[in-house]
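Hi everyone, thanks for coming. Today I'd like to walk you through one protein model, so please have a look at the screen.

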Amino acid sequence: MQVSLQGQTILFLLCIALGGGMGLLYDALRLLRRLLPHTAFLIQLEDALYWLASLWFVFAALLRQNHGEIRFFILLGLLGGLGLYAMTLSRLVMAVGIGVLQVCKKILFLFLKLYYSFLLQVVLL
C-alpha cells in the first residue's frame, strides 16, 4: 500500500516521538533499579520485558499508521528518537528522578522516625 509523502513524514515524526518515549520508559526502569536493588538475572529479565513491550508498541503503531509495513525510515526514526533523547534529555530526567527519589526517601524516613517516636511514647506511658 502506498502512503503519501505527507503520511510518511508524519509517520517518521511519530517514530521519533516513539523512540523518545522508549528512552523515557527505560530511564524510568533505571530509576526503579536505583530504588530497589536488582540481581543480574532480574535486570536481564526486565530488559527483555522492556524490549518485548517496546516491540509490541512499535508494531501496534506501525499496524495502525502504516498497515504493518516496516520501512527503513521507520527504523531510522525510532533509533534517531532514542538517540536524540539519550543525548539531550536522559541526563536531566535521571538527575531530576534521582533528586525526587532522594526527597521521597527523606520524607519517608522522617515519617517513620515520627511514627516510631510516637509509638515509643505510647508504649512507655
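Predicted model: local features only at pLDDT ≥ 70, side-chain atom pairs only at ≥ 80, totals over all residues.

Let's start with the pocket. The largest pocket holds about 220 Å³ of space. Its lining is made of 14 residues, and if you want to find the centre, look for S54, L55, V58, L75 and L78, which lie nearest to it. Which helices supply at least two residues each of this lining? They are α2, residues 40-66, and α3, residues 72-88. The largest share comes from α2, with 6 residues. And what kinds of residues are these? Sorted by class, the lining has 12 nonpolar and 2 polar residues, and no charged ones.

Now let's move to the surface. Here you can pick out a nonpolar patch formed by L108, F109, L112, Y115, Y116, L119 and V123. Together these residues have about 720 Å² of accessible area. Let's take L112 as our example. You'll find L112 in helix α4, which covers residues 90-124. The relative accessible area of L112 is 32%, so this residue counts as partly exposed. A patch residue needs over 30%, and L112 has 32%.

Last stop: the loop between α2 and α3, where H67 sits. H67 has a positive phi of about 55 degrees, although it is not a glycine. Is H67 buried or partly exposed? With a relative accessible area of 49%, H67 is partly exposed; the exposed class begins over 50%.

That's my tour, and I'm happy to take questions.

Methods: Residues numbered from 1 in each chain as written. Heavy atoms only, no water. 1 Å grid on protein atoms, 1.4 Å probe; cavity = no way out; pocket = protein on both sides within 12 Å on 5 of 7 lines; lining within 4 Å. Points joined across faces, edges and corners; volume = space filled by probe spheres on them. Helix = DSSP H or I, 4+ residues; strand = E, 2+ residues; numbered from the N terminus. Nonpolar A, V, L, I, M, F, W, Y, C, P; charged D, E, K, R; others polar. Patch = residues over 30% accessible without salt bridge, like charges linked within 9 Å, V, L, I, M, F, W, Y side chains within 5 Å. Areas by Shrake-Rupley, 256 points an atom, 1.4 Å probe, with all protein chains shown as cover. Salt bridge = Lys/Arg side-chain N within 4 Å of Asp/Glu carboxyl O. Buried < 20%, exposed > 50% of the residue type's maximum accessible area, 1.4 Å probe, protein only.
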